[in-house]
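Hi everyone, thanks for coming.

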Amino acid sequence: MRVRRAAVPVLLWCLATAASIAVASLALRPVLRTAVPQDTVPLEALEDRGHGGGLMTQPQPSLPPPTSASPPASAPPTSARPPASSGAASPKPPTTTAPPARVVDGWTVTTGGDGVDTYLRSFRTDGGDAVIRIRDGVVSLVTATPRDGYSVSKAQTEPTRLVVQFVDNSGGSAWLVDAMWWQGAPHGEVTRIGN
């Protein structure tokens, strides 16, 4: 009987630990989803509610991506000795540097190794923030984070256009972020609907 009574606190500790891990995993799930870039974001489809009568605002341009820094001057020199050969000579990968990022009409443009431009832009509204990427004319949502009191949804009826909607949970207003690839260039617009 004494062994069972001694095991009760250990079992309770195990249950409390497992419960805290489960709660922490659920709480971190949205953060971890936004940390991993994906072409699709699991959001509910946006219902067709129209675009008329909204107040136009200018989105803020996104920041250019961080550039790789060279090692500090105080870093110890690397060994000049070549690595040991495994019998066959391994080909060295080509060392190409990507051209620096540039900003075009508020979009941060980077060129990949394949020569295709990728456009990235952050849109900030009172309802939330959205980061949108356009590559090869295909518009995709990187992240969409609603502010407190707002919910977010997206609609994409064609690959060249994406609408992200931040809706006030009290039903008073909504913010639309409309991004598209049109006539060979990216376009983005933020519209406020309601009061």
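What you see is a predicted model, where local features need pLDDT of at least 70 and side-chain atom pairs count only at pLDDT 80 or more, while totals for chains, interfaces and linings use all residues. Residues are numbered from 1 along each chain as its sequence is written, and side-chain values use heavy atoms, leaving out hydrogens and water.

Searching the whole structure gives 5 salt bridges. One of them pairs Asp 129 with Arg 124, with 3.6 Å between the closest N and O atoms. Is Asp 129 buried or exposed? Its relative accessible area is 18%, so Asp 129 is buried (buried is under 20%, exposed over 50%, partly exposed in between, with a 1.4 Å probe and protein chains only). Arg 124 is partly exposed, at 44%.

Asp 129 also meets Arg 147 in a salt bridge, at 2.9 Å from N to O. That pair links distant parts of the chain, 18 residues apart: Asp 129 sits in strand β5, and Arg 147 in the loop between β6 (138-146) and β7 (150-158). Strands, by the way, are DSSP runs of E, at least two residues, numbered from the N terminus. Through shared partners, Arg 124, Asp 129 and Arg 147 form one network.

Finally, Asp 114 pairs with Arg 135 at 2.5 Å between the closest N and O atoms. Asp 114 is exposed at 53%, and Arg 135 is partly exposed at 30%.

Note on methods:
Salt bridge = Lys/Arg side-chain N within 4 Å of Asp/Glu carboxyl O. Helix = DSSP H or I, 4+ residues; strand = E, 2+ residues; numbered from the N terminus.
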